[in-house]
Amino acid sequence: MKKMLTAMVLLAISTIALAAPPLTICTGGPTGAYEALGTSVGKSITEKLKVSAPTEFVVLNTGGSIENGERLTNGSCVMAVMQADAVAGRGLPRDIKVTNAHVEAIYWIHGKDGLKDFSDLAKPENKDLGIAVVTGSGSYVTIQNFGAVDEDYKDLNLIPFEDWEFAAEAAAEGNTRIAGKQVNIAGMLYVSRPGFLPGAITNDYSRDLTVGEVTEDAFTKATDFNGNGLYYECSIKRGDTGPLEVDSWGSPDTLCMNAQVVFNNDYLNNVPATEVRAVKKAVLQGTNQILRNAR
């Protein structure tokens, strides 16, 4: 009996020694598309590692792409779901693997007195108009990237808000006050999987907000981390705007890009040498299996 217990203890120690470290996945807000995707990817990978290198995965809710990039860099997450334009321009670790996930549309949303086309912000007479954005959001990254591609959009008047409900309120009212001064709001930019506009935008302001267009084709010159075209021309279907009306007779023209799943290869440095191949294979197969269905 004593020998059997000793063998069991040794087996347990051996199993622990061969186990890969926890797979921490940074996603987005609770119940969002990023959280759902990250959870599915984590389950798929760990399912494939049950026998060879058992591990666990942890899904972290975050503020989105910018925070996820910071966490990948400081090592507090191993994988992350991010907008492609955030992956391309956030100074991530050098040794990463980037895989395309679902399509994301860039929504230009404005009030009755706002601009119907985001591209009109390049006109000199509109330079003082504000754009409602949420600090640290993906749309903030997108606007910065637009400015890097085309000088006409480099110094736009970004008005930061704490969350999307406050941003939506300002866009619906067409103005806000900053340091006692009134600023007219042209609209707000929101990046989302088509059909996933949050209730913070649509619930209280559906009668006052309209989905416009982004028609500046110069932005299609940008490239993603893999060197492929970052933004491409697309249209938003009426059914993908929720209760919000659209300006155009048909589907609003805009730009789309991909969400991407980023894996930090430094994680493999902490995996037992005998298990690196199995873990690497499980990450590749598990991620691709889920993303084929998400695209």
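T24 has V58 as its bridge partner in β2. In this predicted model, the strands concerned are β1, residues 23-26, and β2, residues 57-60, which run parallel and are joined by four bridges. Helix α2, residues 33-48, belongs to the arrangement as well: together with β1 and β2, α2 makes up a β-α-β unit that is right-handed.

Across the whole structure, a search finds eight aromatic pairs. One of these is formed by F118 and Y153, whose ring centres are 5.9 Å apart; the pair is stacked because the planes meet at 10°, under the limit of 30 degrees. F118 is located in the loop between β4 (96-110) and β5 (130-134), whereas Y153 is in the loop between α5 (138-149) and β6 (157-161), so the pair ties together parts separated by 35 residues in sequence. Both F118 and Y153 are buried.

F263 and Y267 form an edge-to-face aromatic pair, with a distance of 6.0 Å from centre to centre and an angle of 75° between the planes. F263 counts as buried because its relative accessibility is 6%, with buried meaning under 20%. Y267 is likewise buried, its relative accessible area being 6%.

Ring pairs also build a cluster, which links W108, F118, F146, Y153, F219 and Y231. The stacked rings of F118 and Y153 are thus among the members of this cluster.

How values were computed:
Residues numbered from 1 in each chain as written. Predicted model: local features only at pLDDT ≥ 70, side-chain atom pairs only at ≥ 80, totals over all residues. Heavy atoms only, no water. Pairing = 2+ DSSP bridges. Helix = DSSP H or I, 4+ residues; strand = E, 2+ residues; numbered from the N terminus. Right-handed = clockwise from strand over helix to strand, strands pointing away. Phe/Tyr/Trp six-rings, centres within 6.5 Å; stacked < 30°, edge-to-face > 60°. Buried < 20%, exposed > 50% of the residue type's maximum accessible area, 1.4 Å probe, protein only.
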